[in-house]
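Have the sequence and the model at hand.

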Amino acid sequence: QVQLIESGGGSVQVGGSLRLTCVASGRTDLVYAMAWFRRTPGQERDAVAVIGWNNGATYYATPVKGRCTISRDQAKNTLYLDMDRLKPEDTGVYYCAADGNPSASGYDWWGQGTQVTVSS
C-alpha cells in the first residue's frame with residue numbers, strides 16, 4: 001500500500017501562486033504514475049495534471065495548461081504541483097493520487113486533499 005499526504009494549500013488572491021506537495025510512503029516501488037485531481041464546488045473530481053513516475057511524461061488538463069507544472073522528486077518520493085496566475089475557478093480541494101497498475105483504469109491510492117481558495 002501507498003500512503004499519500006498533501007500539503008501546501010491555502011488562500012491566495014487572483015493572479016497569485018501556490019505550490020502543492022504530496023509525500024508518498026509505503027510501497028512506492030509500485031507506483032507507475034501520479035496525478036493531481038481537484039474537486040471544485042458542484043463538480044466532479046477531475047484530473048488536473050499527471051506525471052509518469054519513472055519516465056516523467058506529463059499531461060495537463062486544458063483549464064490549467066500553461067499555468068501549472070507537475071513535477072516529482074523520486075529520491076524524496078514527493079510530487080509537486082506549481083500553480084501560477086491562479087483564478088477563482090481554481091478554487092477547490094486538490095487531491096494527490098497514485099496509480100500502481102497501468103493496465104487498469106483509475107488510481108489506486110489517494111491523499112486526503114488540501115483546500116485551495118482563490119479570491120479576488
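A disulfide joins Cys-22 to Cys-96, with 2.1 Å from S to S. A disulfide here is a pair of cysteine sulfur atoms within 2.5 Å. That rule gives a count of one disulfide. The link of Cys-22 and Cys-96 is left-handed, with -75° about the S-S bond. Cys-22 lies in strand S3 (residues 18–26) and Cys-96 in strand S9 (residues 92–99), so the pair ties together parts 74 residues apart in sequence. Strands (E, at least two residues) are DSSP runs, numbered from the N terminus.

This is a predicted model, where local features need pLDDT of at least 70, side-chain atom pairs count only at pLDDT 80 or more, and totals for chains, interfaces and linings use all residues. Residues are numbered from 1 along each chain as its sequence is written, and side-chain values use heavy atoms, leaving out hydrogens and water.

Cys-68 is in no disulfide. The nearest cysteine sulfur, that of Cys-96, is 15 Å away.

How accessible are these residues? Buried means under 20% relative accessible area, exposed over 50%, and partly exposed in between (1.4 Å probe, protein chains only).

| Residue | Relative accessible area | Class |
|---|---|---|
| Cys-22 | 0% | buried |
| Cys-96 | 0% | buried |
| Cys-68 | 6% | buried |
| Asn-77 | 22% | partly exposed |

Now the backbone. Most residues other than glycine have a negative phi. Asn-77 is not a glycine, yet its phi is positive, about 50°. Asn-77 sits in the loop between strand S7 (68–73) and strand S8 (78–83). Arg-85, also a residue other than glycine, has a positive phi near 45°. Arg-85 is found in the loop between S8 and S9.

Key
Helices (H or I, at least four residues) and strands (E, at least two) are DSSP runs, numbered from the N terminus.
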